Amino acid sequence: MEISHELFVGFSKSFGLFYLIALSVGITLYAFWPSLAGRFDKAAKSILDDEDGPCR
């Protein structure tokens with residue numbers, strides 16, 4: 001069985017699309033996971049906690 005170029009390109013585009021969709025869903029679930037909210041809040045506030053005055 002010979003694989004044509006069009007078949008291979010179609011398969012790779014479909015695989016890439018589903019791969020990126022799954023990756024996006026995984027990252028979104030990770031970002032909104034309830035047990036990680038404290039870690040993200042601490043990281044967001046840690047930048048502001050370092051500032052004790054204007055830059056010299």
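This is a predicted model: local features need pLDDT of at least 70, side-chain atom pairs count only at pLDDT 80 or more; totals for chains, interfaces and linings use all residues.
## An aromatic cluster

Phe11, Phe15 and Tyr19 are joined into a cluster by ring pairs (rings of Phe, Tyr and Trp, the last by its six-membered ring, pair if their centres lie within 6.5 Å; planes under 30 degrees apart count as stacked, over 60 as edge-to-face and the rest as tilted). Residues are numbered from 1 along each chain as its sequence is written, and side-chain values use heavy atoms, with hydrogens and water left out.

## The overall fold

The chain has two helices and zero strands (DSSP runs numbered from the N terminus: H or I of at least four residues for helices, E of at least two for strands). Of the 56 residues in the chain, 2% are buried (buried means under 20% relative accessible area, exposed over 50%, partly exposed in between, with a 1.4 Å probe and protein chains only).

## The annotated span

An unreviewed UniProt entry places a "transmembrane region" at residues 15–33 (positions follow the numbering used here, feature names are shortened, and annotations may be inferred rather than shown by experiment). In the model, that span is 89% helix and 0% strand, and its end C-alpha atoms lie 27 Å apart.

## Ring pairs and a surface patch

How many aromatic pairs does the structure hold? There are three. One of them, between phenylalanine 15 and tyrosine 19, is stacked, at 6.4 Å centre to centre with 20 degrees between the planes. Both residues sit in helix H1, four residues apart, about one turn of the helix. Phenylalanine 15 is exposed at 54% relative accessible area, and tyrosine 19 is partly exposed at 49%.

Tyrosine 30 and phenylalanine 40 make an edge-to-face pair, 5.9 Å centre to centre and 85 degrees between the planes. Tyrosine 30 belongs to helix H1 and phenylalanine 40 to helix H2 (residues 37–49), so this pair ties together parts that are 10 residues apart in sequence. Tyrosine 30 is partly exposed at 44%, as is phenylalanine 40 at 33%.

Phe11, Phe15, Tyr19, Leu20, Leu23 and Ile27 also form a nonpolar surface patch, with about 680 Å² of accessible area together.

The serine 14 side chain reaches the backbone oxygen of glycine 10 at 3.0 Å.

How values were computed:
Patches are made of residues with over 30% relative accessible area and no salt bridge: like charges are joined within 9 Å, nonpolar side chains (Val, Leu, Ile, Met, Phe, Trp, Tyr) within 5 Å. Accessible areas come from the Shrake-Rupley method with a 1.4 Å probe; for residues, only the protein chains shown count as cover. A salt bridge is a side-chain nitrogen of Lys or Arg within 4 Å of a carboxyl oxygen of Asp or Glu. A polar contact is a pair of N or O atoms within 3.5 Å; within protein, one must be able to donate a hydrogen and the other to accept it, and residues adjacent in sequence count only if both atoms are side-chain atoms.
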